Amino acid sequence: YVLNPTFSDAMIRKLDKNPKLSRAYDGTTYLPGIVGLNNIKANDYCNVVLQAPATILLCHANKGTCLYEALTSLSHVGPLRNYFLKEDNYKHIKRPPGDISFLLVQRFGELIRKLWNPCNFKAHVSPHEMLQAVVLCSKKKFQITVQGDPIDFLSWFLNAMHSALNGTKKLSSSIINKTFRGKMLVYSRKFPNAELSDAEKAKLSLEEEYQEQVADMPWLYLTCDLPPPPLYPDESRENIIPQ
């Protein structure tokens, strides 16, 4: 069960309601889902995407500790987690001969089940197999031994998983689209040259080229710019001196 944990529908429904701590075989207590991922060398930028959703945006400012949080982030997204806790949901998906992308799906499912296993051997999990699949499927764009950007990894990972699950542009084509896909209306307008006279501007504004355009833009995630650190913290570096 430690190597290949399985979950029934009843167990999955209780995951978010069970505050009871589990005890690992080494005596350590832990809460299923809230366990560590080993940092093999420089894979912390990947781990961060897989485990803790609230930390994804914070990772961009500190690449050195982000791979761990990236992997654990996705493991706490309810619909995605519940889908991969049951291997029957995806094991029958067919891919073209010679295609290796489905390895990413298999390894991610295994990692999710280990993270939420209430009978772990220890209170931390090794993501080695998952990371090997990332290196292979990304053609070494993301590696274990070289630091990377968690935002770049998140973008690649979601799209690679969607493709490996035979996803299309349809909203219901994969669990990735069902969980993350959103839409944004983008309004744009072309303005006449500022050097033209008011009469010429008014004439051009009636043409279709200068009318307001609306585009429906799909997205899988939205980023947020973090404010810059204060320039003048106090001596203890705790309080911000107003600028």
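## Overview

Helices (H or I, at least four residues) and strands (E, at least two) are DSSP runs, numbered from the N terminus. The chain described here, a predicted model, contains ten helices and seven strands. Residues are numbered from 1 along each chain as its sequence is written, and side-chain values use heavy atoms, with hydrogens and water left out. In this predicted model, local features need pLDDT of at least 70 and side-chain atom pairs count only at pLDDT 80 or more, while totals for chains, interfaces and linings use all residues.

Of the 243 residues in the chain, 36% are buried; buried means under 20% relative accessible area, exposed over 50%, and partly exposed in between (1.4 Å probe, protein chains only). Contact means heavy atoms within 4.5 Å. Among contacts between residues at least 6 apart in sequence, 60% join residues at least 24 apart.

## Confidence

The predictor's confidence in each residue is given as pLDDT, from 0 to 100. Its average over the chain is 78, and 84% of the residues score at least 70. Among the elements, helix 6 (residues 102-115) has the highest mean pLDDT (89) and helix 3 (residues 56-59) the lowest (34).

Over residues 53-71, pLDDT stays under 50, although the model has 84 contacts beyond four places in sequence for them. Where pLDDT is low, the predicted coordinates should not be read in detail.

## Nonpolar core

A nonpolar core is a set of buried Ala, Val, Leu, Ile, Met, Phe, Trp, Tyr and Cys residues joined through side-chain atoms within 4.5 Å. The largest one has 50 residues, and L74, F84, L104, F108 and F157 have the most contacts inside it. Several elements supply at least two residues each, including helix 5 (78-85), helix 6 and helix 7 (128-137). Helix 8 provides the largest share of this core, eight residues.

R81 is found in helix 5 and counts as buried, at 3% relative accessibility. Leaving aside residues up to four places away in sequence, R81 touches I12, L15, D16, S75, I112 and W116.

In helix 7, the buried residues include M130, L131, A133, V134, V135 and C137.

## A residue of strand 7

M217 is found in strand 7 (residues 213-219). With a relative accessible area of 42%, M217 is partly exposed.
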